Amino acid sequence: MGKPANDEFDAKVFLAKVGFGKTILEFHKNQHVFEQGEVADTVFYIQKGRVKLTVMSEQGKEAVVAILEPGQFFGEGCMNGHALRIATTTAMEDCLITAIAKAAMIAALHDEPKFSELFMTYLLTRNSRIEEDLIDQLFNSSERRLARLLLLLANFGKEGSPQPISPNISQETLAEMIGTTRSRVSAFMNKFRKLGLISYNGHIEVNNSLLSAVLHEKPLLKERD
């Protein structure tokens with residue numbers, strides 16, 4: 001006999017509360033959640049705030065791999081046999097994060113189909129994003145990569161209205177994410193603004209015209225007189 005309707009498992013409630021193998025943690029801006037090379041034994045879920053994922057090469061060069069938002073997991077590599085963290089995660093603003101021990105994560109995935117479905121959806125979405133990022137790096141110009149990144153950061157295509165991009169995401173971070181220099185990002189951003197594709201008001205607001213330009217592969221460098 002199944003659970004009564006009012007006792008049905010709610011994955012979001014499960015992630016928002018302290019429980020077996022779960023801890024709710026607060027992180028302040030620029031505070032590391034974990035660092036590259038540390039032991040990997042916990043999965044994290046973002047309730048509030050944004051987290052930056054960076055990787056450091058043996059030569060000391062740092063690259064921003066992703067910016068993670070509320071509703072996303074990270075650190076899931078420990079579920080796939082990674083004994084050590086392969087990246088560093090840093091709070092870009094004040095964050096509220098659920099830490100789930102590996103054993104508790106395995107138990108929840110085994111016992112709660114709704115949680116398993118939520119996690120699987122996240123993994124599939126993240127895998128698709130990685131594939132799209134690879135194609136973007138291989139075939140698109142740095143200018144078009146920046147346009148696509150701004151659309152992603154503004155949550156174009158998701159439910160609700162596009163969101164302003166946090167001022168905590170600097171031009172240096174944008175440059176690292178698309179594989180170019182800060183000066184080129186600055187030049188592209190100024191051109192986007194002059195074209196009316198974006199606007200500044202303490203934060204970056206992305207306009208529908210930028211999405212139209214990317215979808216229809218219109219040249220982005222021709223400025224209005």
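User: Among contacts in the protein chain between residues at least 6 apart in sequence, what percentage join residues at least 24 apart?

Analyst: The model is a predicted one. The count takes in contacts in the protein chain between residues at least 6 apart in sequence. Of these, the share that joins residues at least 24 apart is 72%.

User: How many helices and how many strands are there in the protein chain?

Analyst: The protein chain has 225 residues. Its helices number seven, and its strands number ten.

User: Which strands stand at the edges of the open sheet of four strands?

Analyst: The open sheet has antiparallel pairing, and its order is S1-S8-S3-S6. A strand at the edge has a single partner strand, so one side of it is left without a neighbour in the sheet. The two strands in that position are S1 (22-27) and S6 (73-74).

User: At about what angle does helix H2 run to S8?

Analyst: Helix H2 spans residues 102-111, and strand S8 spans 95-101. The helix lies across S3, S6 and S8. Its angle to S8 is about 80°.

User: Is Cys-95 buried or exposed?

Analyst: A residue counts as buried under 20% relative accessible area. Cys-95 has 4% relative accessibility, so Cys-95 is buried.

User: How many disulfides does a search of the whole structure find?

Analyst: A disulfide needs a pair of cysteine sulfur atoms within 2.5 Å. Cys-78 is buried, at 2% relative accessible area. The number of disulfides found in the whole structure is zero.

Conventions
Residues numbered from 1 in each chain as written. Predicted model: local features only at pLDDT ≥ 70, side-chain atom pairs only at ≥ 80, totals over all residues. Heavy atoms only, no water. Buried < 20%, exposed > 50% of the residue type's maximum accessible area, 1.4 Å probe, protein only. Pairing = 2+ DSSP bridges. Contact = heavy atoms within 4.5 Å. Axes fitted to C-alpha atoms, helices over the stretch in contact; angles between N-to-C directions.
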